[in-house]
Amino acid sequence: MSNRTAVAVSFTLGFTVASLFRYIENRRAKKKNRLNAGAGPEGTDFSLFWGPVETLTQTPQSKKFLPSEVYSKLVRDCVVCCVDCVIVRHNPLTNRKECLLVERSTEPAKGLWWLPGGRLFKGETFFDCATRKAKEETGLEDVTPIQVLGFYNTFFPTSAWDSKEEKGTQTVAPIILMEIGEDSGDASGILLDKTSERYRWIGLDPEEAISNKEDKYVVGALLRLQAWDSTYGKTRIES
């Protein structure tokens, strides 16, 4: 075999091996994305209406804040829908996107670093609820809901409404991706309500979150975000 032929064979073999590795890595990435995929189309929250939207989304204040004895029984005996938010900002110091976590001060999940959010009111869409909860729990008003990243069916051994006989609660939680507007600056003026003790910002890389021992709920939300767009956490939010 001539030197020229040997070089050609070596080059072809190397190219084939490299192509095979790229194929395997692409297959792994697609499989991983399918595992965590579930995001809905941008700009929609899966709300469907059979009738006038204005009428169906109007709910009296009396039906939003239930009497404590009614709500406590609902929490213990029924499944509650709670909307949680992946609120994203651009950090100019690190030039990367980050999401907001709050340390819960009440059950369920007391003491855990969690996504801001809470109960869906009758008459609210997921986006409406996410916008309201972002304002109530963090003080942020200039936030835009982008899409539903997915849903979780969560089970807790305790709740804020436990009795001696009955404990725990179950919630179904849509997770909403939200972006902070450019006019909010670095979003440093967070105003927490009584449901949270502290807040902090973390990067959007799920591997980093796993390494930092973030809660599995937070990691799951970041995995779904990554499956939707693997470059999202690495680029600046454009206006």
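Modeller: Helices (H or I, at least four residues) and strands (E, at least two) are DSSP runs, numbered from the N terminus. A pocket, on a 1 Å grid over the protein atoms alone, is an open set of points where a 1.4 Å probe fits, with protein on both sides within 12 Å along at least five of seven lines; lining residues have an atom within 4 Å of a point. The model is predicted, with residues numbered from 1 along each chain; local features need pLDDT of at least 70 and side-chain atom pairs 80 or more, while totals for chains, interfaces and linings use all residues. Side-chain values use heavy atoms, without hydrogens or water.

The largest pocket holds about 990 Å³ of space, taken as the space filled by probe spheres set on the points, which are joined across faces, edges and corners. Its lining consists of 36 residues. Those nearest the centre of the largest pocket are Y71, G118, R119, K133 and T195. By class, the lining of the largest pocket has 16 nonpolar residues, 11 charged ones and nine polar ones. Here Asp, Glu, Lys and Arg are charged, Ala, Val, Leu, Ile, Met, Phe, Trp, Tyr, Cys and Pro nonpolar, and the others, Gly among them, polar.

At least two residues each come from the helices α3 (68-77) and α4 (126-138) and from the strands β1 (79-91), β4 (117-119), β5 (143-156) and β6 (169-180). The most comes from α4, which supplies four residues.

That makes α4 the element to follow. α4 has 13 residues, and 18 Å separates its first C-alpha from its last, close to the 18 Å expected at 1.5 Å a residue (1.5 Å times one less than the number of residues). The buried residues of α4 are F126, F127, C129, A130, R132, K133, A134, E137 and T138; buried means under 20% relative accessible area with a 1.4 Å probe and protein chains only, exposed over 50%, and partly exposed in between. After α4 comes G139, with a positive phi near 80°.

As for the setting, the protein has six helices and seven strands. From the N terminus on, they run α-α-α-β-β-β-β-α-β-β-β-α-α. Of the 239 residues in the protein, 40% are buried. Contacts (heavy atoms within 4.5 Å) between residues at least 6 apart in sequence join residues at least 24 apart in 71% of cases.

Another helix, α6 (residues 216-228), also has 13 residues, and its end C-alpha atoms are 18 Å apart, in agreement with the 18 Å it should span. Because 10 of the 13 residues of α6 are buried, α6 is largely enclosed by the rest of the structure. Among the buried residues of α6 are Y217, L222, R224 and A227.

P108 is in the loop between β2 and β3 (113-114), and the peptide bond from E107 to P108 is cis, with omega near 0°. A109 is found in that loop between β2 and β3 too. Although A109 is not a glycine, its phi is positive, about 65°. A109 counts as buried, at 10% relative accessibility. F46 lies in the loop between α1 (3-36) and α2 (53-56). The phi of F46 is positive as well, near 70°, but F46 is partly exposed, with a relative accessible area of 44%.
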